[in-house]
Amino acid sequence: MIADLLPGMLHLSPSSDQTLLGQLTNQLRSLITSGRLPPGQRLLSSRHLAQSLNVSRNTVSSAIEQLAAEGYLSTSPGRRPVVTAGLSLVVSTPQLIKKDQRTYRHRVSPWARSLHHTNWPPVYKGCPRPFQPGLADEREFPHDVWGRCLRRAAGSALLRGDRSHNHPALQAALLQHLAEHRGITAEPSQIIIVPSAQAGIALIAKVMVDAGDLAWVESPGYGGALVALQAAGAVVAGVPIDNLGIAIGGRKDAPRLIFVTPSHQYPTGRLMPVGRRLELIRYADSVGASIIEDDYDGEFHYEARPVSALQGLASSTRIFYLGTFSKSMFADIRIGYIVVPEGLVETFELAQRHMGLLAVVTIQDALAEFILAGAYLAHVRRMTRLYKGRRDRMLQALASEAGDQLTIDVPAGGMQLLARCRTLLNDHQLSALLLNAGVVARPLSSLFFHKSKEQGLFLGFAAWNEKEIDHAARILGRIVR
């Protein structure tokens, strides 16, 4: 009888971190779902099972009551518990297959299958290393000030009257900053707060793109925009850039959406001048295209005041201004934002909730205080001075260590630079060699979305101090020479 063998199937340990009741409940549940206790099988009485296991009868009775409540056992007064039918996860097959030989094939969407063939996002295991691009120096962030803002925001959460997903206090504080420093023209309600800039691109694409619509991205350009637009069903074309930015002249393919990085073109760092900006806006209006203006590190300008954002440059209602705090503060903030056209606010708020792209309101509240108290602007100004010095140190170190092997595109701002290979090296192989030596360098060729033979390295300087820059530059120079 299986019931008589049941005590031998159970192994309870008084020294386990789990209680005896928890062990007994879990083991009985496992025996039922595995089929070792088949449907209709009667168990021992609670008294006999307790004696066999040397535990209290209350422990056994509690386990049986729990499993009966979950539907695994049927109980009735004066009768032993019975295993309920239809609970085994085991399916009978003509031939048993050993567990280590069994393979499972899950059916996933075409989009999910395509992820394995993209090079985005680049993943570097372990701690960040020079010259990984896109990182702020979190060691220089005023964590004590930020911590006080977080504590006050958490403490006042119950007193917060407005529970909107897009926190009005942050919308107002952020708009005040953007209007003064980036020339943004909008109402606070037009700011949609999202978990990241990447989430912002995905939200815009989902709302504005139909499957099969054409979208333009700069080439070389930001891989995150490419994958987000493709995930929305867009047909994405890489449009080459020239010295002024995205080159739209003479193209016949009218897009539905155009993604650009005019403040610091990703990855060249070039600033799009006003003439090209106006040309882009006029073109978008003429073909009915929307523009995503990604101002990912537009806070950091080293040579002069930044050019006003596209959004504030003209009265076009086709521009989505996109920003993030992860570059100006540090990566763990994980807050981005979109300034959307006024007529689309309600639609974007609905889409935001449907997609679950919601940022923690406590962090939004803390950010509002951080901005209004002047701590954000003070931090940006301090880091602008620091990053300018690191950019210059990087230029000096690369010139000294790599000699004439690299041609540097000197960025007027931002947090990274582009080093082009003068000879036709394989930048993927070069990147792999550098990674093995402890230096992160993203290959330029992976950032092109049209055919190009250009080779180079995309290098970040913002997160690394002078000692780290010099050490990594020596490694890089030794490998490229």
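**Exercise 1. Determine how α8 passes α12 in this predicted model: in a left-handed or a right-handed crossing.**

Solution. 
- Step 1: Locate the helices. Helix α8 spans residues 197-208 and helix α12 spans residues 345-355.
- Step 2: Take their axes. These come within 10 Å and cross at roughly 115 degrees.
- Step 3: Classify the angle. Angles of 65 to 115 degrees count as roughly perpendicular, so α8 is roughly perpendicular to α12.
- Step 4: Assign the hand. The crossing of α8 past α12 is right-handed.

**Exercise 2. List which residues of α8 meet α12, and sort the contact by residue class.**

Solution. 
- Step 1: On the α8 side, take A202, L203, I204, K206, V207 and M208.
- Step 2: On the α12 side, their partners are T347, F348, A351, Q352 and M355.
- Step 3: Sort the residues of this contact. Eight are nonpolar, two polar and one charged.

**Exercise 3. Work out the strand order of the open sheet and name its edge strands.**

Solution. 
- Step 1: Read across the eight strands: β3-β10-β9-β8-β7-β4-β5-β6. The pairing is mixed.
- Step 2: Find the strands that pair on one side only. These edges are β3 (191-194) and β6 (245-246).
- Step 3: Check one pair. β4 (residues 214-219) and β7 (residues 257-260) run parallel, joined over three bridges. Here A215 stands opposite L257 in β7.

Conventions: Residues are numbered from 1 along each chain as its sequence is written. This is a predicted model: local features need pLDDT of at least 70, side-chain atom pairs count only at pLDDT 80 or more; totals for chains, interfaces and linings use all residues. Side-chain values use heavy atoms; hydrogens and water are left out. Axes are lines fitted to C-alpha atoms, for helices over the stretch in contact, and angles run from 0 to 180 degrees between N-to-C directions. Helices (H or I, at least four residues) and strands (E, at least two) are DSSP runs, numbered from the N terminus. Angles under 35 degrees count as roughly parallel, over 145 as roughly antiparallel, 65 to 115 as roughly perpendicular and the rest as oblique. A crossing is left-handed if the near helix is turned anticlockwise from the far one by less than a right angle, and right-handed if clockwise. Contact means heavy atoms within 4.5 Å. Ala, Val, Leu, Ile, Met, Phe, Trp, Tyr, Cys and Pro count as nonpolar, Asp, Glu, Lys and Arg as charged, and the others, Gly among them, as polar. Two strands pair if DSSP finds at least two bridges between them.
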